[in-house]
Amino acid sequence: MKRQLHSMDSLYLYLDAENAQICITPVFFYDPSTAKGGELTHAQLLDQLRRSIKVLPVMRSRLERLPLDVDNPYLAEDPNFRLENHVREVTLPAPGNWQALRQALGDFQASKLDTSVPLWEMVVFRGLSGIDWLPKGAFAIAMKFHHVVVDGHSLIEIVGHMHDEGQTIAAKNPELAQRRYEAPPLLDRMTQAVSNNLLGAINMVSPLLSAAPGITKTLVGEISRNATSMPQLPVKTRFNAPVSAKRVWDLASFDLPTIKQIAKQQPGATINDVVLTIVGGGLRTYLQSKGDSVNQVLRAVAPMNVRHESEYNQGGTEISYFFPDLPVHLEDPRAQLQHAATSARKAKEVANGLGGRQMNDFSKNIPAAYFSSLNLTGMLGKAASTLLNMNGNTVVTNVPGPATQLHLGGATLVNLSGIMLIGDGMGMNHCVNSYDGKLNISVVSCPELMPDPEFYVECLLGTYEALKQAFGIETPNPDAGSKQTTAKAATAQPEAAETAAKAAKPATRTRKASSARKPSTRSKTGTAKAPAAASGKSAD
């Protein structure tokens, strides 16, 4: 079947730069003890992936681009596709601790993806014996995709098919294995490019007219509400700057039932509002530690999935955005949550009023030749960077996690996270996901802007503990036999005030991590420790 990308898909391809390729990378942690024989070998993993790829044509397809990108690329089955070329294994040097894994994942995210072949690659990390929250023999998998073919939601669909549970569903639907992408001959594509560009311009009108009443109503409402003050653009922080080609990454993990309990303390608040509060409070502590101002509110760029039902399991990108506040200007945790909840609600109302779905349809129909001409003149990247700077300070993207526990060749998925993209003007990105009773917030930046991601994670955890203290919430003790848990979040509460108090001091001090999560804490032998874990459901 024919599969041509739309203009917003193509935009991610054109925005690739030497210092920032537009890729997203889910990271998985597995316990192999539940697999047959207590391990998942490289050969067994390849067999597992072969079964998955049969129903995932996007993973077998490469881009077919036209000269000068006069039209959007097509996806087409790669006749030279070999799974072995996309999967490799790395064994971390002893002691195989959290710091070594973080470094390896940062380097993997910084490496360039070959866009002439199917746009993904996988690395299996073994030798994780120094990470004591993982069971013996555990391994991690990082799977990088170019954003041109997936967004967060379509990526989760791929992840589902990759695991045992998804393969069971695929086996009952053999028609899924029949899907193949094919591109028309070059001459036909060149001919079609003329009509596509003309029709694209015409097709932009319909979603714009559809959204016009909502846009007018929303703008009038905003003007009347803010009649005495002009809307303020976000202030600039150290993260709204050019980025290098290097990447740093770290992960904070929280007890999801506790996050839900915190949300209930503020009428109308959601789990996402608690996340925005944690990010805002963490940024406040981190920026204070660097001597930066925290007197003004910051703003998040938050993607939203706007798919129609017919567009599920089709891959690609179907997103819009809203722009909630990050309450870095407030010190009191209760006030932070209240502000985050109120701001997020208003931001969503504005986004819905402006027609997120219609604006996405409008953008998808922008003539490809227009984006291509901007790209060839070097204006596209500058325009995108300027637009991001005008709207936010950091990205906070919520990628829904699997609703049930997953297995890969029998190996149990213990936890998962993600590494998102950054670029000039937006040098910090948070990936939020839930899985098996945990809510994870990972952060990616470059070392020039964030030399100490492990400290930023401490700042996030300090805000979480401060929220618990403010509302008198205690994290329940995990099951005594849990292999995933090495520390009890409840023991970290006394350290929250200490972390916040130290934040105003120079960043060269000795740092002490909250015991709720210890990837950034080193024992005398260099062993890394990590997040507490518990059972539960998806954050959605």
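This is a predicted model: local features need pLDDT of at least 70, side-chain atom pairs count only at pLDDT 80 or more; totals for chains, interfaces and linings use all residues.

Trainee: How many aromatic pairs does a search of the whole structure find?

Mentor: Rings of Phe, Tyr and Trp (its six-membered ring) pair if their centres lie within 6.5 Å; planes under 30 degrees apart are stacked, over 60 edge-to-face, and the rest tilted. Searching the whole structure that way, the number of aromatic pairs is 12.

Trainee: Is the pair of Tyr-30 and Phe-139 stacked or edge-to-face?

Mentor: Look at the two rings: their centres are 5.2 Å apart. The planes of Tyr-30 and Phe-139 meet at 20°, so this pair is stacked.

Trainee: How many residues apart in sequence are the parts that Tyr-30 and Phe-139 tie together?

Mentor: Helices (H or I, at least four residues) and strands (E, at least two) are DSSP runs, numbered from the N terminus. Tyr-30 lies in strand S1 (residues 23-31) and Phe-139 in strand S6 (residues 139-146). So the distance in sequence between the parts they tie together is 109 residues.

Trainee: Which residue lies over the face of Phe-139?

Mentor: A charge sits over a ring if NZ of Lys or CZ of Arg is within 6 Å of the ring centre and within 35 degrees of the ring normal. At 5.0 Å from the ring centre of Phe-139, the residue over its face is Arg-126.

Trainee: Where is Pro-324 found, and is it buried or exposed?

Mentor: Pro-324 is in the loop between strand S9 (319-322) and strand S10 (325-326). Its relative accessible area is 0%, so Pro-324 is buried.

Trainee: Which residue is 20 residues from Pro-324 in sequence and 4.7 Å away in space?

Mentor: Contact means heavy atoms within 4.5 Å. Not counting residues up to four places away in sequence, Pro-324 touches several residues, including Leu-276, Leu-298 and Ala-344. The 4.7 Å runs C-alpha to C-alpha, and the residue at that distance is Ala-344.

Note on methods: Residues are numbered from 1 along each chain as its sequence is written. Side-chain values use heavy atoms; hydrogens and water are left out. Buried means under 20% relative accessible area, exposed over 50%, partly exposed in between (1.4 Å probe, protein chains only).
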